[in-house]
Every structure is written in structure tokens, then in C-alpha cells.
Amino acid sequence: MRDIVFARRSGWIPNVIREDGELKLMLGAGADANHEPRTFTFPIGEAHLTVIQEDLARHLLLWSAVLPLCDAAGTRGRLDEEAAVALLDPVLLSAPEDVDALFRRIPWDRARLVAHGADTRLLERGQVCAALRAATETSDGKRAQEDHAHRRRAERGVVLGPLDTALLKYTGQYLHGAAVPKRIPGAVDPALLPEVVRVIATAEQACAGMRIGRDPRRGKRATDKRDWDRMAKAVETAVRRARPGLAEDAVRTVSFLMCSEAAERARNSSLDDDEEAVGGSARKTALSFTDDKGVERKWRRGHPRTATAEFWEFVGERSAGDNEVFTIEDEEMGEGVQLHFYADSIARVTTVRKGEGGSDPEYRVEYSLVDGMDGYRKLVSAFVGGGCAALGPYGSWIPDAAEFERARRRRRAAE
């Protein structure tokens, strides 16, 4: 039989219950293997109940001290009841200076105290009792998140000025630096918003005309990392020049915003748009696409999509760590290209003599290094538009495989 003896208005603050005639503190913390909340209990005395009822600060301090024990229990383990009981007298019944000394020796949950109004400056000084003089039963999770973000930056030696803070809040990255940035003008102090807008305008001007293309080698919605890095560098250089006093966190959040928006535009665009960007125009009538697993796809003129768009769609669907060689073949013309994504290279293959009378055909194979996804786009588009003959201007074609391998290794060593 379980009865609630004492509970505060906030449902998460630990309750005191009576179970089988014994007083216990009951709290929820963590989750089990099925992601359901875990509940822990351990025995307390009447003196402890009196303090918990009358002193919110001590109640919160006990909660903060017990939570690490709950974390240690994990998804299935038992709470270390002896350790939990051993905290009762020192936290609830000791003098404030002794409680402060205890919290300098044990692990405790800072976020819980900050969310309930703890003075962060006093917490930094180790005065946990004094820090909770104005504690509230109501929890403010955002306050705890802001404190955590501030401490993380302080550990890296980052000091934010008002404009830095405003830019991080504008992009939604003040609390979570890894969050996808977006434009949130309402999160910024109105007095600073015009200045924030001017910084954003500087960034927009710096990347005007730049784009981030798709990179089907990494999946259907992946974008070109080199394009991203190029845009980020242009934005960061311009913003630093215009606002040399900005913190690096603020500069990076602005470039992250510009790149994320450009990448999202690319993900929502058709692969035909990438073809237009490199000036491709298909003149082939029929092509076959194959991957390193032997999967084949056919394309013929009249298909609703261009040959290049259909090929890159095929790559986006099939490319993987163990599937990085793709071929485009024009059987009628006896020519094709083989793309080696793992080596940043390409081979063009031309039929010199068809097999007749049981003899094997003769091919001419030439290799070239490729400069990133943009290079692949140009080569594929050129081949689709004009065959192997059109590839001449787009690379240094090496007929000897050993010589090409040496060139590839020299480039890798120079990177």
C-alpha cells in the first residue's frame, strides 16, 4: 500500500510517500530500456520529512544530490540506497556551511537547481545554500539550458558580447550550437535587431551568386561539402572584415545559416537544375547506367528526365561505401565512362575494333583525375552531350594505368 504524504505543486520534485508503514522519498529519473521513466524510492525519517515540508531549498538540494545516483543506476540497475540514505542528514540537517562543503565533494545536478531559480554566481562560488534563497517550485528549463550553454562556451574561453549573443539567438543557436540554424528575429532584443540584420546582409552579399550543389555520391539528399566550405569561407571572410570584433561563434553561426539555407534549396531542387548549372545538353539517344553491384538502369531519349539527372538519381539511390564505381555506356556508339568515386578519378572507354569472328573487341582506355563533385558533373554532362570526344578539354587523359596511378598517388600526397 502506497500513500502520498507530501507533494509539492510541481510534479517532478520528489514526493514523500508511506509504503507498508515506512516513509520513503520517491522520485522519477532517467528511463528504462523501453524509454519509460524510471521511479526510485529510498527510506527517510520523520525529521527529514519535516525539513522537506518546510524548506524548499533543502528539498531541491537533496534532489540534486540524489540524481547522480539515479543516473548511475542506468536503465536496469538498482539505486544505491545506502548512498542515498547517507545523504539525508548531511543535506537536510547540517549547517549551511557544512552543506556547501559537502557539495564541493560530491557529484550533483546543477541544471536542476538552476531551473528552480538558483543564483548561478553563488553556485560558482560554492555557496549552494545561499544560491537557493530565492528558489521557486516552478521549473524554468530554458534558464538551465542557457546556463549550460554559457558554461560550455566558458570552458572554450569564449566570451560573447551583446551583438554576438543577438546573432546566436537570431539563428537559434544560442542554446544548441549543433541545431540547424534558422531566422528568428523575434528572439533578438529589438534594439539590436537592426545591427543583426546588417551583419546578415553582409553575409548575403558575400555569397550572392554562389550555390551548394547536390552530391549524389553521398545519398539522395546529400550536398557538396566543397561547395559548402567555399561558401562558408566567403561569408566568414566578409563578416570578419566588416565586423572584426565579433566572436568566432557569432561569425560561424552566420556562415552556418547561409550554407544551411543554400543546402536546403539544393535538396529541394531537381537534379535537372544541377545539369543546367554546368550547361549540359543531352544529344545521346540511349544509355545504360550500371553500378559496381551489377545493377543496371536504361535511359532513352524521350524519357521525362534528362540523362544526366536520371544518372545522378541512380547514383544517389545506389551509392554506398562498398558501391563506388558507376558506368555510363552508349552501346550503339561503343563508348562509355566509368566513374571511380573512391579514387576521385574517371576512365573513358572507346571501342577501337569490334569483336568479329569470335575475336574479342579492342578498347582504348584513358584515365583522368577528377576535382570533386563539380568535376564529375561537368564530365558526365559533357559525355552525355558529346560522347568521349567531348571530354578532351575536361582533363589530362592518361592511357597508361600505371602512370595514372602514380599521378593519383602524387595528388593524394600533396593534399
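A residue counts as partly exposed when its relative accessible area lies between the 20% below which it would be buried and the 50% above which it would be exposed. Keep that scale in mind as we walk through this predicted model.

Now let's turn to strand β8, which covers residues 335–340. Here the picture is one of burial: 5 of its 6 residues are buried, so the rest of the structure largely encloses this strand.

What does β8 pair with? One partner is strand β7, residues 325–330, which runs antiparallel to β8 and is joined to it by 6 bridges. Within this pairing, you can find Phe326 opposite Leu339 of β8. The hairpin made by β7 and β8 has 4 residues between the strands, and Gly334 there adopts a positive phi near 70 degrees.

Strand β9, residues 345–353, is another partner of β8; these two also run antiparallel, with 6 bridges joining them. Look for Glu335 facing Thr350 of β9 across this pairing. The hairpin of β8 and β9 likewise has 4 residues between its strands, and in it Asp344 takes a positive phi near 50 degrees.

Terms used. Residues are numbered from 1 along each chain as its sequence is written. This is a predicted model: local features need pLDDT of at least 70, side-chain atom pairs count only at pLDDT 80 or more; totals for chains, interfaces and linings use all residues. Side-chain values use heavy atoms; hydrogens and water are left out. Buried means under 20% relative accessible area, exposed over 50%, partly exposed in between (1.4 Å probe, protein chains only). Two strands pair if DSSP finds at least two bridges between them.
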